[in-house]
Each structure stands twice: as C-alpha cells, then as structure tokens.
Amino acid sequence: MNSPKLFVLSSVAGGGKSTLIQKLRERHPEILFSISCTTRAPRPGDKEGVTYFFLTKEEFEKGIAESAFLEWALVHDQYYGTPLKFIEEAFANGSSVIMDIDVQGAKIIQEKLPGKIVTIFILPPSEEEWERRLRGRGTDSEESIAKRMKNGKLELERQNEFDYKIVNDDLEKALGELESIILSNSK
Ligand code: ADP
Ligand code: 5GP
C-alpha cells in the first residue's frame, strides 16, 4: 500500500462497524486502527487502550484546549475524539488507518484531510434487524437503545454524503465489500 488513506466507517449504533473492523484487521493487520478517546463509561468487553482511551471530562477538555484531536464530537451526551498524533505518525510511516466515528465526525475529517479520506456508511438490513442486533449486543439499557435508535434515524438521513455504502446483512459479504473498497483505494 503506497498511498496511505484514512478509512472512516460510520453507521447507526449497532450497524456493525466494530464487528467489520475487527474482522477486516484479522485479514489485514497492516491497516492500523485509530483508538478514539471518550468520556463514556467502559462497557463489558471494552479495554483501556484497545477499544478506547477512557478519559475524564476534565482530561478530554484539556485535550481539546491543546488541539490534541483531529476532530471531536459530543455523541449521546459524551465526548468522543480522534487523537491527531496517531494519524500523523501512521501517515508519516506510510500506513493506512481505519476508524469508526459518528456522522458529524466523518464530515469534519473529510474537510480537514481532502484526498486522504474514504468514507463508508454501514447500513443494517432493516429497522427490525437493527433493533434486534442492538438488543442482542446486551450492552445497552432500554433508555440507551431508545436514544441510539432516535439518533440513528437522523444519521440514516445523511448516508448519501458518504463515498460508499455497505448493507451489512450477511457478514462475510459485507466484509468482502469493505475489503474491495479498501484495496481499490490503496493504489
Ligand atoms: P457498531 O459497532 O456499529 O455499534 P457492532 O459491531 O457492535 O455495531 O454490532 C452490533 C451487534 O450486531 C453485535 O452484537 C454484532 O455481533 C451483531 N452483528 C454485526 N453484524 C452482523 C451481521 N452481519 N449479522 C448478524 N449480526 C451481526
Ligand atoms: P460507542 O459508545 O457505541 O462505542 O460509540 C458511539 C458513537 O461514537 C459511534 O457512532 C462511534 O462511531 C462514535 N465514535 C467513536 N469514536 C469516535 C471519535 O473519535 N469521534 C467521533 N466523532 N465519533 C466517535
């Protein structure tokens, strides 16, 4: 891969971003994963420095003041941000990076790093299956599921702003589509 790119995956919560990224990296460990910072509480399965860097609100706001984030956003009332240094170092070393961020963050990055960004929106196959997967994950309260579905419906309205869309029905098929997008944009 001689032209490093930043592959930005967005979707509604429960769309399958984390699952697809994990599977893609098993096939392509050379693509680095950008670990975001967040103020939300760790969920079961989260690991400090693996899924996220978990910060206090004060620590996050210090990061904002020091321009430590390529972008940051308030998502579901919590701060989330992309550490700038990691992306700069990866590009300097010629490595591509994959990340999952919300729709507003994807838009900001697209404008900040034109020509280096490929944005991909992951769609659940139907509203029923989306809700089933969100519940099946077993990590969110009823209140949080309702909030995520309400926000998600607004995010779905912006799917056409992305370079590519993938319907995540059959996981292997969706993974194949993601892999082809990445390979065709890495030349
Ligand atoms: P996101 O990171 O977008 O919030 P996840 O990757 O956590 O979504 O996926 C939400 C849930 O749906 C998880 O329990 C995951 O195992 C499941 N899931 C993801 N993709 C598929 C698929 N293609 N078929 C069935 N279940 C899936
Ligand atoms: P979760 O709490 O379910 O892990 O993530 C909630 C939302 O925050 C998801 O849409 C996820 O893509 C988004 N997110 C994760 N990291 C970042 C980030 O660094 N910046 C932005 N803007 N959104 C992020």
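How many nonpolar, polar and charged residues does the shell around ligand 1 have? In this predicted model, the shell is made up of 7 polar, 4 charged and 3 nonpolar residues. Of the 14 residues around the ligand, those that come nearest are Gly14, Ser18, Thr19, Arg137 and Asn168. Helix α1, spanning residues 17-27, supplies the largest share of this shell, with 3 residues. Ligand 1 is placed in the largest pocket of the structure.

Polar contacts to ligand 1 involve both side-chain and backbone atoms. An N or O atom in the side chain of Ser18 lies 2.5 Å from an oxygen atom of the ligand. At Gly16, a polar backbone atom is 2.9 Å from an oxygen atom of ligand 1. A nitrogen atom of the ligand is found 3.5 Å from a polar backbone atom of Leu171. On its own, ligand 1 has 560 Å² of accessible area, of which the protein covers 76%.

Aromatic contacts were also examined. The structure contains 6 aromatic pairs. One of them is formed by Tyr52 and Tyr80, whose ring centres are 5.9 Å apart. The planes of these two rings meet at 65°, and the pair is therefore edge-to-face, the cut-off for this class being over 60 degrees. Tyr52 belongs to strand β4 (residues 52-54), whereas Tyr80 belongs to strand β6 (residues 78-83), so the pair ties together parts that are 28 residues apart in sequence.

Note on methods: Residues numbered from 1 in each chain as written. Chains lettered and ligands numbered in written order. Predicted model: local features only at pLDDT ≥ 70, side-chain atom pairs only at ≥ 80, totals over all residues. Heavy atoms only, no water. Near = heavy atom within 4 Å. Polar contact = N/O pair within 3.5 Å; in protein donor to acceptor, adjacent residues only side chain to side chain. Areas by Shrake-Rupley, 256 points an atom, 1.4 Å probe, with all protein chains shown as cover. 1 Å grid on protein atoms, 1.4 Å probe; cavity = no way out; pocket = protein on both sides within 12 Å on 5 of 7 lines; lining within 4 Å. Sits in = over half its atoms within 2 Å of the grid points. Helix = DSSP H or I, 4+ residues; strand = E, 2+ residues; numbered from the N terminus. Nonpolar A, V, L, I, M, F, W, Y, C, P; charged D, E, K, R; others polar. Phe/Tyr/Trp six-rings, centres within 6.5 Å; stacked < 30°, edge-to-face > 60°.
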